[in-house]
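Subject: Handover of a structure with its ligand

Dear colleague,

Please find below the structure that I am handing over to you.

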Amino acid sequence: MFTLITRQPFLFLAAAALLTVTGLFGAAPKKTLKVGFAQTGAESAWRTANSDSMKAEAAKRGIDLKFSDGQGKQENQIRAVRSFITQGVDAIVIAPIVETGWDPVLREAKRAKIPVILTDRTIQTTDASLFVCFIGSDFYEEGKMAADWLAKAVSGKGNIVELQGTPGSAPANERRKAFADGLAKYPSLKIIDAQSGNFERSGGKQVMEAFLKKHGKAINVVYAHNDDMALGAAQAIEEAGLKPGKDITLVSIDAIGEAVKAVAAGRINCTVECSPLFGPKVYDTIAKVLAGEKVPKKSFNQDELFDATNAAKALPTRQY
Ligand code: GZL
């Protein structure tokens, strides 16, 4: 051995390095998993709960999470993905703010052999091999549940104003289409106006103020693509001297705690759950993917509906 060190120092170093890495000198240190997460932004309480779920679960599992807040801009998310590739993360998670424009950067991730998991929102792509899988909710089902509930609640009659989510986003596109499809068999249930409030409370309030000015008492129903906009609309309705939940029926989606409370209080009439708490499922999926296991291309969270019949009972166990 002494001869090896004196005569072949590099050989000795290489051997020592190999023994260390393979753990033959004792247990090799467990490699910390590095995950890059390109989040859409911080536009709603739902988004905050989703970010919290991803961060808390990463901390619990000792995962090195590189979190990027896209601040509502796709170009920021694309820039973040490129940075994750440069950093050589083990996996990339994206909550794509809009459905289109992703192929080029996903091809770069594929070339770098870094698996991409889509969470929360889906994308339109010509090449499904560019991402491993999607984990989130079925937005079409949510819109359908909202329409079916409303048709029964107002006996198939009424004028609806629609507060839409972020233009071009999967939830806005699918919740709009599903709701319209669900109303097709109720000719006396009409959408008389629709505008984006960008999933934001302030957006919901401003758009509802404009609708009230334009349509006044002709409005019977508000269909909001998320609770933040529904709560903003409820405020606008109150400021107009009307009672939300009574003078105007409000139907929404997300089931954030504040909205479920509002349903129990009768200010909002119905909210369809869209669980943001899928951090554990995302990291379980990444572990399977990195171990070479097959995972389903789409994995939908289970969502339920809250109205006057079950909101109060559900409140104590709501987690977001
Ligand atoms: C739905 C998510 C939507 C929520 C909004 O999964 O993309 O974006 O419904 C959030 O609250 O802003």
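The paragraphs that follow describe the ligand site, from its place in the protein to its individual contacts.

Please note that the model is a predicted one.

With regard to location, domain 1 (34–137 + 276–302) and domain 2 (139–274) both contribute residues to the shell around the ligand, and the ligand therefore lies between them. The space that the ligand takes up is the largest cavity. At least two residues of the shell come from helix 3 (45–61), and at least two come from helix 7 (170–183).

As to composition, the ligand is surrounded by 13 residues, of which Glu43, Asp120, Arg121, Arg175 and Asp254 are the closest. By class, the shell holds six charged, five nonpolar and two polar residues.

For aspartate 254, an N or O atom of the side chain is 2.6 Å from an oxygen atom of the ligand. For serine 44, a polar side-chain atom lies 2.9 Å from a ligand oxygen atom. Asparagine 226 likewise places a polar side-chain atom 2.9 Å from an oxygen atom of the ligand. Taken alone, the ligand exposes 320 Å², and the protein buries 99% of that area.

Yours sincerely

Key:
Residues are numbered from 1 along each chain as its sequence is written. This is a predicted model: local features need pLDDT of at least 70, side-chain atom pairs count only at pLDDT 80 or more; totals for chains, interfaces and linings use all residues. Side-chain values use heavy atoms; hydrogens and water are left out. A residue is near a molecule or strand if one of its heavy atoms lies within 4 Å of it. A polar contact is a pair of N or O atoms within 3.5 Å; within protein, one must be able to donate a hydrogen and the other to accept it, and residues adjacent in sequence count only if both atoms are side-chain atoms. Accessible areas come from the Shrake-Rupley method with a 1.4 Å probe; for residues, only the protein chains shown count as cover. On a 1 Å grid over the protein atoms alone, a cavity is a set of points where a 1.4 Å probe fits but cannot get out, and a pocket is an open set with protein on both sides within 12 Å along at least five of seven lines; lining residues have an atom within 4 Å of a point. A molecule sits in a cavity or pocket if more than half of its atoms lie within 2 Å of its grid points. Helices (H or I, at least four residues) and strands (E, at least two) are DSSP runs, numbered from the N terminus. Ala, Val, Leu, Ile, Met, Phe, Trp, Tyr, Cys and Pro count as nonpolar, Asp, Glu, Lys and Arg as charged, and the others, Gly among them, as polar. Domain bounds come from an automatic or database domain assignment.
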